[in-house]
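Trainee: Can we go through how the two chains meet? Keep it short, please.
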2 protein chains.
Amino acid sequence: MSLVVIGTVAFDAIETPFGKTDKIVGGAATYASIAASYFYNKTKIVAVIGDDFHQEDIETFKSKNIDVEGLQIKKGEKSFFWSGKYHNDMNSRDTLVTELNVLADFDPIIPETYQDCEYLMLGNLTPQVQKTVIERLKKRPKLIVLDTMNFWMDIALTDLLETIKLVDVLTINDSEARQLSGEYSLVKAAQKILTMGPKYLIIKKGEHGALLFHGNQIFSAPALPLADVFDPTGAGDTFAGGFIGYLAQVGTINFNNMKNAIIFGSALASFCVEKFGIERIKNLTQEEISNRVQQFVNLSHFEIKG
Amino acid sequence: MSLVVIGTVAFDAIETPFGKTDKIVGGAATYASIAASYFYNKTKIVAVIGDDFHQEDIETFKSKNIDVEGLQIKKGEKSFFWSGKYHNDMNSRDTLVTELNVLADFDPIIPETYQDCEYLMLGNLTPQVQKTVIERLKKRPKLIVLDTMNFWMDIALTDLLETIKLVDVLTINDSEARQLSGEYSLVKAAQKILTMGPKYLIIKKGEHGALLFHGNQIFSAPALPLADVFDPTGAGDTFAGGFIGYLAQVGTINFNNMKNAIIFGSALASFCVEKFGIERIKNLTQEEISNRVQQFVNLSHFEIKG
C-alpha cells in the first residue's frame with residue numbers, strides 16, 4: 001500500500017515584495033510529496049527532471065522517506081523552470097519565464113513497486129499525463145485526488161474533462177470553479193462540477209479558506225489569518241499533499257475525515273507561505289504541526305447551546 | 001435597560017440581476033432594529049424620516065415591538081432616498097441616486113425613556129451624528145457597537161477617528177479595514193485598528209464570512225454558501241443588529257459570546273439577502289432562525305482527535 005504523487009519537480013525563481021530567489025527547488029510533486037510525508041511514510045513520487053538537479057536536492061526527498069524510483073532523470077536535458085513575480089497584494093503574480101524542458105515530452109513511468117498505490121495524488125500537470133498515470137496503474141487506487149488550474153481549462157479542456165471523470169476529489173480555486181462550471185455562485189458551480197465525475201470538490205479560496213462539497217453537504221474551512229505571507233508558491237500543492245497524506249494515514253474515506261484532512265492540509269500550507277520554496281516545510285516537527293492544527297481549532301470553534 | 005439603534009430609516013430603489021423595486025423601506029436602522037428584535041424585546045430606534053413614510057411602514061417596527069419614540073417625522077420633508085444597481089457578481093454596485101433630504105440636518109433626539117440604554121448600535125451614518133448620540137446618553141452604555149463605511153473614511157476621517165475612540169466594537173469590511181489602517185494584511189490592520197479605541201474589531205468579508213479580533217485572539221466565522229444572493233442590500237446592517245441583539249439577550253460581554261453573536265448575526269444576514277429589502281427578515285420565526293444557526297454549526301464543525 002502506498003501513496004503515489006505525480007507532478008512537476010522543477011526549478012523556480014521567485015520574486016516577492018520581501019525578496020528574490022535564484023533557482024530553487026519547486027514543483028507540485030515536490031511540495032505535495034513533502035507535505036504528505038508528514039502523515040504517511042509510504043509516499044512515492046513520479047516526475048521527470050534533467051541532470052541539472054543536484055544530488056542534495058534528491059536527498060531531500062529521501063530524507064523524508066519519499067520513494068524516488070519513479071523520478072526519471074534525463075541525461076543532458078534541463079529541468080522544468082518557472083520564474084514569477086508576485087504583486088504587492090500577493091494574490092496575483094506575473095509569470096516571467098516558463099521553460100518546459102524535460103516536461104515537454106514527459107512520459108510518466110510507473111515502477112512495478114508503485115503498483116500497490118492506494119492513494120493517488122495527481123498534482124497540477126497536463127491532464128493527458130494525469131490520465132496516463134491512472135491508466136498505467138493496474139488496480140484503480142482507493143482514492144484519486146486531482147489538482148489542476150485555469151491554464152489547462154484554457155488550452156486542454158477536453159482532456160481535462162476526460163480526466164476529471166476518473167477521479168474522486170478535485171481541488172481547484174474559486175475562479176477556476178467558476179470557469180469550469182460557468183456559474184458564478186460557488187454552490188451552483190459545485191453542483192455542476194459534482195456531475196462531472198468527482199464525488200468531492202474542494203474549492204480553495206486562499207486567505208479565505210476552503211470549501212468542501214459532497215452531495216448536499218458543505219464544509220467551510222477557515223484559513224489562518226497571517227500577518228505576513230512571504231511566498232505563496234506551492235501553497236496549493238502543499239495543501240493537496242497534506243490533505244491526501246492525512247487521508248492515507250487515517251485509511252477511511254468519509255466526509256468527516258475529509259474535513260479533518262482539509263484542516264491538516266491547510267495547516268501545512270500555512271507553514272509553506274512563511275518562507276521561500278520548501279524551506280519552511282522541509283523540516284517541520286510533529287509538534288509544530290499539531291500546534292498549528294490547534295490554532296485552526298481555536299480559530300473556528302464556537303459552541304451554541306440550544 | 002434597552003438596546004438603542006441609531007441609523008437611517010429610508011427609501012431604497014434597488015436593481016439586481018434578478019429584478020427591480022420601486023421605493024421600498026430600507027436604511028441601516030431599519031435592518032438593524034428588526035434583526036435585533038428577534039433576540040431582545042427592548043429595542044428602540046433613533047432616526048429621522050419625512051412625512052412621505054406610510055403609517056404601515058411605521059407599524060412594521062411596532063409589530064416587532066420596536067420603540068419608535070425616537071423616530072422623528074419631519075412634516076413637509078422627504079425621507080432619505082438611495083437608489084443603486086448591483087452588478088452581475090452582486091459584490092459591487094453603482095449608486096444611481098442619493099437624496100439626503102431629512103438626513104441633511106439630522107439632529108438625533110434621545111427621548112428620556114431611552115436613557116436606560118445599555119446596548120448602543122451606531123448604524124452607518126455621519127460619524128458626527130454617531131458621536132452626538134454617545135454624548136447625549138447620560139450614562140455610558142455597557143456596549144457600543146459602531147458600523148461605518150469607506151464613504152466616511154473618504155470625507156470625514158477626523159470625525160470618524162474621534163468617534164471610534166469611544167466605542168467597544170467596530171464593524172467594517174475587509175477593504176475598509178485596509179483603508180483605515182493602511183495595512184494590506186488583515187492581521188496587521190486589526191492590530192492597528194485595535195489601538196484606535198475599539199476593543200473588538202469585526203471584519204466583514206461578505207461571502208467569505210467574518211473575522212473577530214480581540215487582543216491576540218481571532219475567530220473566523222464562515223458565511224453560508226448560497227446558491228442565490230437575491231439582494232445584498234442591508235445584509236451588513238442586519239448582521240450588526242443580530243449581533244448586538246444577541247449580546248443584549250445574553251447580557252454578558254466576552255469573547256465566546258461575541259463569537260456566537262457573530263454566528264447569529266450572520267444567520268440573520270443570510271436571510272436578508274434572500275429577498276428584496278426587509279421582505280425576508282420582517283417575519284422570521286424562532287424556528288427558522290435556530291435551523292439556520294444549526295446550518296452554520298454543521299458547516300464549520302470538525303473534530304480532531306489529539
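Mentor: One term to begin with: a salt bridge is a side-chain nitrogen of Lys or Arg within 4 Å of a carboxyl oxygen of Asp or Glu. Also, this is a predicted model, where local features need pLDDT of at least 70, side-chain atom pairs count only at pLDDT 80 or more, and totals for chains, interfaces and linings use all residues. Residues are numbered from 1 along each chain as its sequence is written, chains are lettered from A and ligands numbered from 1 in the order in which they are written, and side-chain values use heavy atoms, leaving out hydrogens and water.

Trainee: How many salt bridges are there between chain A and chain B?

Mentor: Four. One of them joins A:Arg178 and B:Glu207, with the closest N and O atoms 3.5 Å apart.

Trainee: And which elements of chain A touch chain B?

Mentor: Those giving two or more residues are α6 (174-181), α7 (186-193), β14 (217-221), α9 (255-272) and α10 (286-300) of chain A. Helices (H or I, at least four residues) and strands (E, at least two) are DSSP runs, numbered from the N terminus. α10(A) gives the most, with six residues.

Trainee: New topic. What rotation superposes chain A on chain B?

Mentor: A rotation of 180°, with 0.0 Å of shift along its axis and RMSD 0.0 Å.

Trainee: Which C-alpha of chain A is nearest the axis?

Mentor: That of A:His208, 3.0 Å from the axis.

Terms used
Copies are superposed by least squares on the C-alpha atoms of residues with pLDDT of at least 70 in both.
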